[in-house]
Amino acid sequence: MLFEIENLYKIYGNHSVKTPALQGVSFKVAEGEFLSIMGPSGSGKSTLMHIMSLLDRPTQGKCKFEGKSIDDFDDDELARIRNKKM
């Protein structure tokens with residue numbers, strides 16, 4: 001699998017005000033597959049794309065690229081992956 005998104009959550013804000021952008025998103029994308037992400041304004045499309053492009057990290061859940069969790073990579077490794085593979 002190219003991408004595995006498992007129970008993904010992204011919550012923005014501070015301790016008093018929290019704004020959920022993604023809530024429990026799960027899907028898989030195989031190499032060579034095409035994916036369309038659609039939804040109304042504010043539904044989390046850009047947030048999901050930022051996580052999948054390795055520019056942001058989820059609050060909860062797993063985002064795996066080529067079978068490896070993005071949590072296992074430091075920022076320099078993520079930059080190399082973006083440069084070489086995306």
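Two strands count as paired here if DSSP finds at least two bridges between them, and strands themselves are DSSP runs (E, at least two residues), just as helices are runs of H or I with at least four, numbered from the N terminus. By that rule, strand 1 (residues 3–13) and strand 2 (residues 18–29) run antiparallel and are joined by nine bridges. Keep in mind that this is a predicted model, where local features need pLDDT of at least 70, side-chain atom pairs count only at pLDDT 80 or more, and totals for chains, interfaces and linings use all residues. Residues are numbered from 1 along each chain as its sequence is written, and side-chain values use heavy atoms, with hydrogens and water left out.

- Four strands make an open sheet in the order 2-1-3-4, with antiparallel pairing.
- Strand 2 and strand 4 (68–69) sit at the edges with a single partner strand each, so one side of each has no neighbour in the sheet.
- Helix 1 packs on this sheet and touches strand 1, strand 2 and strand 3; its direction makes about 120 degrees with that of strand 1 (axes are lines fitted to C-alpha atoms, for helices over the stretch in contact, and angles run from 0 to 180 degrees between N-to-C directions).

**Strand pairing, bridge by bridge**

- A hairpin takes strand 1 into strand 2 through four residues.
- Across that pair, Tyr12 has Thr19 of strand 2 as its bridge partner, and Leu8 has Val25.
- Strand 1 also pairs with strand 3 (residues 60–65), antiparallel and over five bridges; Glu4 stands opposite Lys64 there.

- Ile51 is in contact (heavy atoms within 4.5 Å) with Leu8, Lys10, Leu22, Asp56, Arg57, Pro58, Cys63 and Ile70, leaving aside neighbours within four places in sequence.

**Thr47**

- Thr47 lies in helix 1 (residues 45–52).
- Thr47 is buried, at 11% relative accessible area (buried means under 20%, exposed over 50%, partly exposed in between, with a 1.4 Å probe and protein chains only).
- Not counting residues up to four places away in sequence, Thr47 touches Lys10, Tyr12, Ala21 and Leu22.
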